[in-house]
Amino acid sequence: MTDAATSHTELVSGLIGDRADAWDLAGELPRDLLVKLGASGVLCAQVGAEHGGAGLDSRANGELTAAVGARCSSLRSVMTSQGMAAWTVRRLGGAEQWSTFLPRLTSGDLAAVGFSSPGAGSDLAAMETEIADDGTHVVVTGRKVWITAAHYADLLVVFGKYRGGAAAVVVPARAPGVSITRVPDPLGCRAAGHADITLDAVRVPTGQVLGGTGLPLPLVTTAALTYGRMSVAWGCVGILRACLDAAATHTATREQSGRRLAEHQLVARHLAELYVAERHATRACEHASASWDTGSPDMAVDAVHAKYVASREAADGAARAVQLLASAAASDGHVVARAYRDAKLMEVIEGTSEICQLVLAQHTRKKVQA
């Protein structure tokens, strides 16, 4: 890990301390914490130094993300949202938009990314949000559901139909016509600020449409989703590391029938499978980050692969940890109970496991045909 990544990890560890369980129970992260982390560059650490960021590569940012995910998946989810917003601006926007929005995202402003629409879900082609020209402005109309970090956001990066294609537009969260409603009692990442967004003829300057024109939907969506999938995958590595640590500690100190739990063969099997799961997920993420950092043409599919593998392993690994800790992990407020709920949600967001399977199968068919 680079010095910058190590410094950021130490900062986050000190700020989280033992507070993650309380945040999860309350369903809220302290805003001053988020602003401080945003201003320190932690929330979108791959933004370059010229725009106030840390300029980490994907591998270093991934290890930072895993460190945050091991401590608090809700905070990691906000980190994913901020990074997706920054990457979307960088990927789709122009130089003037970079200099306008990226410094805001590295100086304390918080962002959410609006993909999913009611009734559309994973079918992004079916989204109904419209971005319509209106002279020097565009008018944004539609709804977005289950948007991570929207409760905390100052800026919304909203995806919609535009000029026969698709586009992303930066909308101030407090602009007239914007309504944000918290999702009550989410299953996992309870403090991540999930919310539904209603955009009722919201007018923003045309210059806030990233790139300024309609683009093919696959390009627009892949730009943000690839970053999000990488972040979720590395966050799942963190979940696995937290579960492995909790399970190893518990089984090494708890006795059953006169022997430590870890000495029972069936318990040892679960520990071995948890270790393999963490190694499997880590290697998939390292490979995807290497693709990102070298500009491989397989970067997008490698991110899908990492997200699929890591989220599946995290969900299975968290279930094993609950089995090993039994009643000790069967109540809210325990790291393993939190991991069990959070990990399941990771199999749904940024492309369900089924969507990932379809993408990977399509990639396989194309390779065979080539």
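This is a predicted model: local features need pLDDT of at least 70, side-chain atom pairs count only at pLDDT 80 or more; totals for chains, interfaces and linings use all residues.
**View 1. The pairing of helix α7 with helix α9 (residues 299-325).** The axes of α7 and α9 come within 8 Å of each other and cross at roughly 25°. Because angles under 35 degrees count as roughly parallel, α7 and α9 are described as roughly parallel to each other. Sorted by class, the residues of the contact of α7 with α9 comprise 20 nonpolar, 6 polar and 3 charged.

**View 2. The packing of helix α5 (residues 73-92) on helix α7 (residues 217-253).** In this pair the angle of packing is about 150°, and the axes of α5 and α7 lie 9 Å apart. That angle makes α5 roughly antiparallel to α7, and α5 passes α7 in a right-handed crossing. On the α5 side the contact includes Ser73, Arg76, Gly83, Trp87 and Leu92, which meet a set of α7 residues that includes Leu219, Ala223, Tyr227, Ser231 and Ile239. The residues of the contact of α5 with α7 divide into 10 nonpolar, 7 polar and 2 charged.

**View 3. The packing of helix α4 (residues 58-71) on α7.** Here the helices pack at an angle of about 50°, with the axes of α4 and α7 7 Å apart. The two helices, α4 and α7, are therefore oblique to each other, and their crossing is right-handed. Among the α4 residues in the contact are Ser58, Arg59, Glu63, Ala66 and Ala70, while the α7 residues they meet as a group include Tyr227, Met230, Trp234, Gly238 and Arg241. The contact of α4 with α7 has 8 nonpolar, 8 polar and 3 charged residues.

**View 4. The interface of domain 2 with domain 3.** The domain assignment of the protein chain gives domain 1 as residues 3-106, domain 2 as 111-215 and domain 3 as 218-367. Taken over C-alpha atoms, the centres of domain 2 and domain 3 are separated by 29 Å. At the interface, 13 residues of domain 2 are in contact with 13 residues of domain 3. The size of an interface is often given as the accessible area lost when the parts come together. For domain 2 and domain 3 the area buried between them is about 1100 Å², with 77% of it on carbon and sulfur atoms.

Note on methods
Residues are numbered from 1 along each chain as its sequence is written. Side-chain values use heavy atoms; hydrogens and water are left out. Axes are lines fitted to C-alpha atoms, for helices over the stretch in contact, and angles run from 0 to 180 degrees between N-to-C directions. Helices (H or I, at least four residues) and strands (E, at least two) are DSSP runs, numbered from the N terminus. Angles under 35 degrees count as roughly parallel, over 145 as roughly antiparallel, 65 to 115 as roughly perpendicular and the rest as oblique. A crossing is left-handed if the near helix is turned anticlockwise from the far one by less than a right angle, and right-handed if clockwise. Contact means heavy atoms within 4.5 Å. Ala, Val, Leu, Ile, Met, Phe, Trp, Tyr, Cys and Pro count as nonpolar, Asp, Glu, Lys and Arg as charged, and the others, Gly among them, as polar. Domain bounds come from an automatic or database domain assignment. Buried area is the accessible area (1.4 Å probe) that two parts lose on being put together, summed over both.
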